[in-house]
Amino acid sequence: MFRNNYDNDSVTFSPQGRIFQIEYAGEAVKQGSVVVGIASKTHVGLFAVKRNAEELSSYQKKLFEIDEHTAIAIAGLTSDARVLSNFMKQQCLGHRLTYGRPMPIHTLVGQIGEKAQINTQVYGKRPYGVGLLVAGVDENGPHLFEFQPSGMTEEMVAFAIGARSQMARTYLERNIESFADCSKEELVKHGLRALKESLVQDKELTVENTSVGLVGLKEGPNGRPSVEPFKLYDGFETKEWIESVSESQGGEGEGEGEGEGETAAAGDGDGMEVDS
Amino acid sequence: MDHRPQAWGRPRDDVYGAYDHSYMQENGPKQNTQQPIVTGTSVIGIKFKDGVVIAADNLASYGSLARFTDVKRLRPFADSSILGFSGDISDMQYLDRHLTELSLSEAYESPDKPRLNAANLHRYLSKLLYNRRSKFDPLWNHLLVGGLDDNGEPFLAAADLLGSTYSAPSLATGFGAMLAQPIMRRYVPDEESAKKLTREEAVDIVKEAMKVLFYRDARSLDTYSLAVVTKDGVELKEDEKLENQSWAFADRIKGYGTQTV
């Protein structure tokens with residue numbers, strides 16, 4: 001009756017010039033829980049809210065290490081992300097073997113972009129139903145890339161994808177100027193505050209549902225910058241960070257968040273309501 | 001008169017008979033490289049405190065015939081590394097084109113600074129050589145790679161047609177391994193002494209070794225290329241001449257030719 005005739009495959013344009021299968025794949029990304037990425041001059045942070053299918057089950061992992069120097073955050077179909085992450089791991093390993101160096105982030109992202117785009121132009125294939133934030137460091141410093149099922153990739157200063165990620169992006173836009181000079185700790189606080197913005201009314205960041213990942217550069221021997229390998233923080237490792245962005249100390253405690261005093265206070269208000 | 005352009009400049013069929021195309025091996029088994037044909041002789045290299053000096057003469061031999069006397073066998077890469085080729089010249093030309101492609105794609109990915117250093121390049125070439133020998137179609141070369149490694153320290157390493165690799169403060173391929181290496185080792189027996197060596201000393205040692213090679217290697221030439229790699233880049237001179245030669249020792253050599261002692 002009102003069936004859409006132009007969404008049967010990923011190679012047919014609609015008369016309006018759209019390819020519906022790709023747009024649907026983009027919708028799958030919006031169903032996934034939110035992930036945030038922020039890059040400073042020295043580090044890149046990935047932040048995620050994990051979901052559990054039911055009360056009794058564990059939480060689905062959202063951040064994955066690809067290689068020592070790079071990692072991804074996923075939003076969308078986890079099983080599609082598995083395929084991409086395995087591919088990325090293999091490429092990074094192969095690059096280390098043949099060149100004896102970590103793979104440049106731009107090259108890595110280019111390869112998954114290429115792979116995903118082919119799926120949108122070959123009959124019988126479907127686009128990946130997952131969006132990624134790719135964080136990593138190489139000889140040109142820290143990088144954060146966004147990846148979409150269409151094959152589109154773009155370098156970002158900070159970004160968020162997944163459910164209600166527009167709220168997080170608004171927070172990031174308001175604070176974009178401060179990210180470049182952030183320390184590791186400040187980066188984490190910004191990341192978690194951005195996550196909080198995207199949460200639904202009765203949901204909170206807890207040690208169970210929060211993941212933080214950090215990768216960056218540190219001062220190496222003979223003064224050259226060396227890679228500070230990706231580290232995933234889960235469970236109780238995130239406790240102090242979560243507490244530091246939850247209570248009213250956003251305004252008073254540390255001096256790091258002068259600009260966003262109101263923001264923290266607003267978030268704080270939400271938290272109080274849920275508690276009572 | 002044959003007006004077809006394909007026939008221009010070819011021996012006339014009515015005079016010489018039809019051309020025997022079987023020489024072209026159009027069908028028949030695929031043949032891999034069985035032996036090098038046009039060859040370059042030794043490449044020598046030595047580390048010093050700020051970088052690497054590397055040299056090779058400008059001769060491409062066809063068997064024992066000194067066929068081409070202006071073949072440059074040192075090749076800079078990304079203005080930060082230097083490669084020296086000995087062995088088959090056509091395989092050198094293949095590798096040269098291949099590396100041009102590689103450096104172009106690298107420069108495209110990262111225009112502002114070179115990313116593949118000498119250590120990365122050496123690793124890549126060794127994998128390439130091993131891959132080819134595993135197809136029983138080796139690239140018949142012995143390479144020296146000079147430059148700087150990940151930590152900015154001088155780097156010098158060799159890779160051969162089997163994909164074997166090794167590294168030392170001084171290296172030489174081919175005849176140079178017998179004739180030049182002992183001379184260079186007198187100056188740099190270990191890494192510590194290479195760290196003390198100045199650039200001028202290193203260049204002098206290499207020039208001396210090139211002279212000995214010209215004296216004793218029948219497939220060598222007195223014009224050669226010499227490159228110095230430091231953190232400031234590659235300085236390549238491709239038309240050096242051996243100076244202060246003395247053949248006084250020659251008439252004392254006995255045991256071959258027409259002598260009747």
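Trainee: How many residues of chain A are in contact with chain B, and how many of chain B with chain A?

Mentor: This is a predicted model. In it, 13 residues of chain A are in contact with 15 residues of chain B.

Trainee: Which residues in chain A lose the most area to chain B?

Mentor: Tyr99(A), Arg101(A) and Asn140(A) do, and together they make up 40% of what that side buries.

Trainee: And how much do chain A and chain B bury between them?

Mentor: About 1200 Å², with 42% of it on carbon and sulfur atoms.

Trainee: How many salt bridges does the rule find across the interface?

Mentor: One, across the interface of chain A and chain B. Arg101(A) pairs with Glu106(B) in a salt bridge, and their closest N and O atoms are 3.1 Å apart.

Trainee: Which helix supplies the largest share of the side of chain A that touches chain B?

Mentor: α2(A), with four residues. Both α2 (78-99) and α3 (105-119) of chain A supply at least two residues of that side.

Trainee: How do the residues of that side divide into nonpolar, polar and charged?

Mentor: Three are nonpolar, six polar and four charged.

Trainee: New topic. Where does Asn175(A) lie?

Mentor: In helix α4 of chain A, which covers residues 165-179.

Trainee: Does Asn175(A) count as buried or exposed, and why?

Mentor: Asn175(A) counts as buried because its relative accessibility is 8%, and buried means under 20%.

Trainee: What does the side chain of Asn175(A) reach?

Mentor: The backbone oxygen of Tyr171(A), at 2.8 Å.

Key. Residues are numbered from 1 along each chain as its sequence is written. Chains are lettered from A and ligands numbered from 1 in the order in which they are written. This is a predicted model: local features need pLDDT of at least 70, side-chain atom pairs count only at pLDDT 80 or more; totals for chains, interfaces and linings use all residues. Side-chain values use heavy atoms; hydrogens and water are left out. Contact means heavy atoms within 4.5 Å. Buried area is the accessible area (1.4 Å probe) that two parts lose on being put together, summed over both. A salt bridge is a side-chain nitrogen of Lys or Arg within 4 Å of a carboxyl oxygen of Asp or Glu. Ala, Val, Leu, Ile, Met, Phe, Trp, Tyr, Cys and Pro count as nonpolar, Asp, Glu, Lys and Arg as charged, and the others, Gly among them, as polar. Buried means under 20% relative accessible area, exposed over 50%, partly exposed in between (1.4 Å probe, protein chains only). A polar contact is a pair of N or O atoms within 3.5 Å; within protein, one must be able to donate a hydrogen and the other to accept it, and residues adjacent in sequence count only if both atoms are side-chain atoms.
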